[in-house]
Amino acid sequence: MGPEEVWSTAHAEELYLLSAWSDGFFSVNAQGHVQVDPTKDRSAGIDIASVVNHLERKGISFPLLIRFQDVLKGRIEQLYEAFRLAKEDVGFDGSYTAVYPIKVNQLHEVVEEILDAGRPHGLGLECGSKAELIAALPLLEDDDTLLICNGYKDRSMLDLILSGQQMGKSVLPVIEKLDEFEAYDLQAQAMRLSAPFGVRLRLTTAGAGKWADSGGDLSKFGISVPELLRVVELLEERGEQDRFRLLHFHLGSQISDIRTLKKAVREITQVYVQLKRRGLGIRFLDVGGGLGINYGGTYASHDDAINYSLGEYANAIVATVKEVCDSEGVGHPDLISESGRALTAHHSVLIINSVGLYSKEEAPEDFLPVENNHRLVFDLHALREWLREEPHMGLSQLLEAYHDAAGKRAEADSLFSLGYLPLEEKAAIERLYWAICRQINDRVQAWDSDALPPELDRLDSHLIDQCLCDFSVFQSLLDHWAIGQRFPIIPIQRLDEEPTRRAVLVDLTCDSDGKVSSYIGPGHKEYEFLRMHDPHPGETYRFGIFLMGAYQDIMGDTHNLFGRVTEAHIYADDEEPEGFYVEKIIRGTKVKDMLELVQYFPNDLYNRMSRHIRSKIQAGQLKSSEGYELLERYAETFNDSTYYVAPSTGPTISGTRKRKKSDE
Ligand SMILES: *Cc1c(COP(=O)(O)O)cnc(C)c1O
């Protein structure tokens, strides 16, 4: 802002980079409040402060997570529109559909909303674990809705996938490793199903960014080209080329550089055209997830930013696939993407209350020592006056002034601890010390940070206030704490006034990491503070933390619905034959416990599944006995462990699954 300019809400939008990260879903209204614009029409926006006040009147407690379901719908529309335009642009013949990976946010209401909004476009689901499969299967209202199953699959998960196929649903496992294919194949033969599948390919293109290891040679996922050829040869021997339906890769989440994606798409399309030429029945090319979100608000390829738009993402995929297919004379595949983060991030906002602002109190400009003040008060006051009178000091003089002030303050501290300094005098000394630090800091801003002595360079951060807020970084901002990802944070009110304070948000946990340590802001910089207003007495000052809907608001330790692991407590004991005893075992989470946490209730799931099966029996697609068995098998999985259960004796070939002791 120039010196003549008057602060306006437009300045607030610039300061907090709204246009860069909000994708049109958030803005600042004339009252200086943040509003959500689900349809991108500002005149139809919802004032977040009014939503919050309304909920507060109803006695809702804070911190508060608000979901805007319409924003989910809006993001789905944006994604499909981007692909529609990209296809139209180059004349692409295949179709496009999104499948939603539910691990990104499994909350039942979120998944239902996405399915509803995506239904006109044929949107499907993706699951990466057993509990997710159990939750997703009954949600497939019509038989064409795709359910793609990634992740390592144990016996019971493979069984369930085949059950879904037997019911006529479009459930496709994506083979992650060769022995998974063998197990799937054996069970499929036992159930006399043709059992289509997809394959996740381990590309040589590695991802970029935090999750780079999800792709590339070092990835723990996917099968290599030699393994792929073994599968292909086996299918050719048996004349089952049509079972191979989908080719998949996933580079990892939050792809920061579009060039990496293009390279990977080119590589997989080469594999696609060669396999098509060999006569395989592949219909889908699935480019995985990774469509990024501009958390950092810059178009730099920083870990929390991306260097492309939604439109460029769609163009890159569509144009690359078309180019490779056309040059090899092979028809275009149907495209699938597994965008999770990009669909859900915008829809939820965490509202937190500030409970106190701790600032470095400075002596007022006109402070004058009185006769019986301590000598140190006089000294510091004189130092302050000297700084005022000498506007042109070099760095060495400023450094000397700082050392003087810091020395006097240290002296005051030791006098105080020995009982020689009254509290009032100590307070006066601290206020003068901070006033001097501020004076020096204002001056050193004229120098380049690299040129400053470290003590003067650090001065700026010592002068930042702390704003204590009612939330926990570990519960709600896991990715900030764990991998330093930034999230847009904005005061949700008073944005028609200039925010003049700089503060670090600290949480209520007793942990020193319990704070937000970096913020987004103008220029391609990382800030160690957030701009906020001077709180009014009695005011409830609130912040919104945005882009929380992907991975964050659901996470805790429930990622992929795996939940708590089993614990065993062991004690050493000489009298025991093996030198120890087991004092206690705490069982790990069962599938049903985990599902209830995200609002899927076994009864409801069972009823839905039973309804699907009955309709298939009535339509003559299933025999009653088969239907009953399918339902039983499904219900049994509620008590499974959420983790992979290793086959004890290798895959046995039997339609009905006997429960083993070890599963319980
Ligand atoms: C996690 C994951 C996704 C979702 O990735 P986003 O970056 O959230 O789009 C998609 N596919 C697979 C296989 C995944 O593991």
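**Close-up views of a predicted model**

View 1. The model is predicted: local features need pLDDT of at least 70 and side-chain atom pairs count only at pLDDT 80 or more, whereas totals for chains, interfaces and linings use all residues. Residues are numbered from 1 along each chain as its sequence is written, and side-chain values use heavy atoms, with hydrogens and water left out. Glu 338 places a polar side-chain atom 2.5 Å from a nitrogen atom of the ligand. At Gly 340, a polar backbone atom is 2.9 Å from an oxygen atom of the ligand. Of the 390 Å² of accessible area that the ligand has on its own, the protein covers 92%; accessible areas come from the Shrake-Rupley method with a 1.4 Å probe, and for residues only the protein chains shown count as cover.

**View 2. The shell around the ligand.** The ligand is surrounded by 16 residues, the closest being Lys 103, Ser 253, Glu 338, Arg 341 and Tyr 551; a residue is near a molecule or strand if one of its heavy atoms lies within 4 Å of it. Three residues of the shell are nonpolar, eight polar and five charged. In this division, Ala, Val, Leu, Ile, Met, Phe, Trp, Tyr, Cys and Pro count as nonpolar, Asp, Glu, Lys and Arg as charged, and the others, Gly among them, as polar.

**View 3. An open sheet of three strands.** The strands follow the order β1-β2-β3 with antiparallel pairing. Helices (H or I, at least four residues) and strands (E, at least two) are DSSP runs, numbered from the N terminus, and two strands pair if DSSP finds at least two bridges between them. β1 (26-28) and β3 (46-47) stand at the edges, each with a single partner strand, so one side of each has no neighbour in the sheet. β1 and β2 (residues 34-36) run antiparallel and are joined by three bridges. Val 28 is placed opposite Val 34 in β2.

**View 4. Strand β12 and its parallel partners.** From β12 (residues 334-337), Asp 334 and Ile 336 point one way and Leu 335 and Ser 337 the other, and all are buried, buried meaning under 20% relative accessible area, exposed over 50% and partly exposed in between (1.4 Å probe, protein chains only). β5 (residues 96-101) pairs with β12 in the parallel sense over three bridges, and Thr 97 stands opposite Ile 336. β11 (residues 284-286) also pairs with β12 in the parallel sense over three bridges; here Phe 284 stands opposite Asp 334.

**View 5. Strand β7, covered on both faces.** In β7 (residues 146-149), Leu 146 and Ile 148 on one side and Leu 147 and Cys 149 on the other are all buried. Three bridges link β7 to β6 (residues 124-127) in the parallel sense, with Leu 125 opposite Leu 147.

**View 6. Aromatic pairs.** The structure holds 14 aromatic pairs; rings of Phe, Tyr and Trp (its six-membered ring) pair if their centres lie within 6.5 Å, and planes under 30 degrees apart count as stacked, over 60 as edge-to-face and the rest as tilted. One of them is the edge-to-face pair of Tyr 527 and Phe 529, at 5.7 Å centre to centre and 80 degrees between the planes. Both Tyr 527 and Phe 529 are buried. Tyr 541 and Phe 543 form an edge-to-face pair, at 5.3 Å centre to centre and 75 degrees between the planes. Tyr 541 is buried at a relative accessible area of 1%, and Phe 543 is buried at 0%. Tyr 80, Phe 83, Tyr 96, Tyr 308 and Tyr 313 form one aromatic cluster.

**View 7. Two arginines with positive phi.** Arg 192, in the loop between α8 (178-190) and β9 (197-200), has a phi near 50 degrees. Arg 192 is exposed, with a relative accessible area of 75%. Arg 494 has a phi of about 60 degrees and is found in the loop between β15 (489-491) and β16 (501-506). Arg 494 is buried, with a relative accessible area of 10%.

Terms used: A polar contact is a pair of N or O atoms within 3.5 Å; within protein, one must be able to donate a hydrogen and the other to accept it, and residues adjacent in sequence count only if both atoms are side-chain atoms.
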